[in-house]
Amino acid sequence: MKPVAFDIVRARTVGEVVQLLADPAAGVRIVAGSQSLGPMLNLRLVQPNVLCDITGIEELTSFREEKDSIFVGASVTTGSIEDGRLPYEGYKMLPSVAAGIAYRAVRNRGTIGGSVCHADPAADWPSALCGLDASCVILGSDGARRTLPMSDFITGAFENALTPGEMLLGINIPRSSPQAKWGYQKLCRKTGEFASALAVVNVDPASDRFRLVFGATEGRHIIIPDFRSLCTEQSTVPSSDAIRELLERLELSSTHISQQLAMMQRAFSQADGSCQS
Amino acid sequence: MEGGRVVGDNNSISLRDIARCWYLQPQHLPPDVERGGLEVTEGYKPKSDFGTFSYATHVATVAVDPLTGLTEILDYVVVEDGGTMINPMVVDGQITGGTAQGIGSTLYEATPFDSQGQPLASTLIDYILPGATEVPNVRIEHMEIASPNTEFGIKGIGEGGAVGPPAAIVCAINDALRAKGAEIYRLPVTPERILESLQRAAGATAPGSRI
């Protein structure tokens, strides 16, 4: 359990980071909280020449409120979100999701951007942010910025859409209206473990948002951008049969489908109780 | 020795003062002091050479979620006869710690291999151990029936708690599953195994279908 020998560079600006990343032969990996990368280094699943520490770059450790959204820097820690560092109104789901991630020691160091880039299907931030219809702000080595919806940023299990030389600057999360309802439910065999089933419900009629996301799949998230088409006439909750059929088409095991359905039902119950008005 | 004091020709000193001097003020010890220290070791042979077993009954109350397959331990009681307890705190520790181990082997711990013989649980990321939130507050009652065969009536207590949980917890789970015609008899009892047994029972044509 020892990593290979590597150098560490503490970058001061994002320009410095993409400059380092520009040469694919240099073997540079970005590190922030190191809560996923650390174990991978120790198992030698990753063998970098250089680790570029981005936790000293203010642009990445801060957040910025915009008109209809908030930009959260990639190096903002989960623990600080749990502690209410971000505004609560419009973003009520975030501290609650943060508080349920692993253990406090992990949350103290682990970052929202690191979790998104690691793209573990069973992790919390990728699923929660898919549910919130967030998008990723990416910087290329030529200095150009582009934005990708979270659902396109995560391309598979432990795979993201970053091309060589690119880095994640942060995440844009749309503001929810005061009438928005949300539910976030995950199934863990043990407190702090990765989820084995996960459902996110995001209902915000003011933004015409009726989103349902399943995480903890074997690959990409299962995203239902508008679940109303799966509801029966009398109900505002998708029918279990319709969801079951959808999950069966994706070749999930019957036990996994049962767990995902349970999480979905509980997420909708939670959403029903989450409306403050 | 007289009344806890060592008595010489002209003076005496308490055992307490000797101990304090030995451990805290060794500079005051005489140069020709016995270097073996203040330790005494005694051995003895019990009347019976066939072990000094303790006895216990474990009872678990569990909730099984038929949708997720998760098992939650609601209550756990151990009644243990460890004979005369020399240090009750250590006895309770052995029972609780052993029960935690037993909960691990019942619900969590497994070392699976894939078809190529590759171990699938080679780190604690994959090998799940019960933590503080998975081990209930084990309620312990002591019987303290002195062993006729040992000094002081003591009985062996080490790790005894590890033996009971698989039987107690699986029986409780099967009691919950019985109404649905399902049964579990393989460890660890994972959520998947519970759901498979329920699904099999729901679809079974023959009664008593097992996984």
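Contact means heavy atoms within 4.5 Å of each other. By that rule, 21 residues of chain B are in contact with 16 residues of chain A. This is a predicted model: local features need pLDDT of at least 70, side-chain atom pairs count only at pLDDT 80 or more, and totals for chains, interfaces and linings use all residues. Residues are numbered from 1 along each chain as its sequence is written, and side-chain values use heavy atoms, with hydrogens and water left out.

**The interface**

- Chain B and chain A bury about 1500 Å² between them, 56% of it on carbon and sulfur atoms. Buried area is the accessible area (1.4 Å probe) that two parts lose on being put together, summed over both.
- Leu67(B), Thr68(B) and Ile128(B) supply 28% of the area that chain B buries against chain A, more than any other three residues.
- There is 1 salt bridge between the chains. Arg266(A) and Asp65(B) form a salt bridge through their side chains, at 2.7 Å from N to O. The term needs a side-chain nitrogen of Lys or Arg within 4 Å of a carboxyl oxygen of Asp or Glu.

**Cysteines**

- Across all chains, the search finds 0 disulfides; a disulfide is a pair of cysteine sulfur atoms within 2.5 Å.
- For Cys52(A), the nearest cysteine sulfur belongs to Cys117(A), 13 Å away.
- Cys52(A) is buried, at 1% relative accessible area, while Cys171(B) is exposed, at 53%. Buried means under 20% relative accessible area, exposed over 50%, and partly exposed in between (1.4 Å probe, protein chains only).

Key. Chains are lettered from A and ligands numbered from 1 in the order in which they are written.
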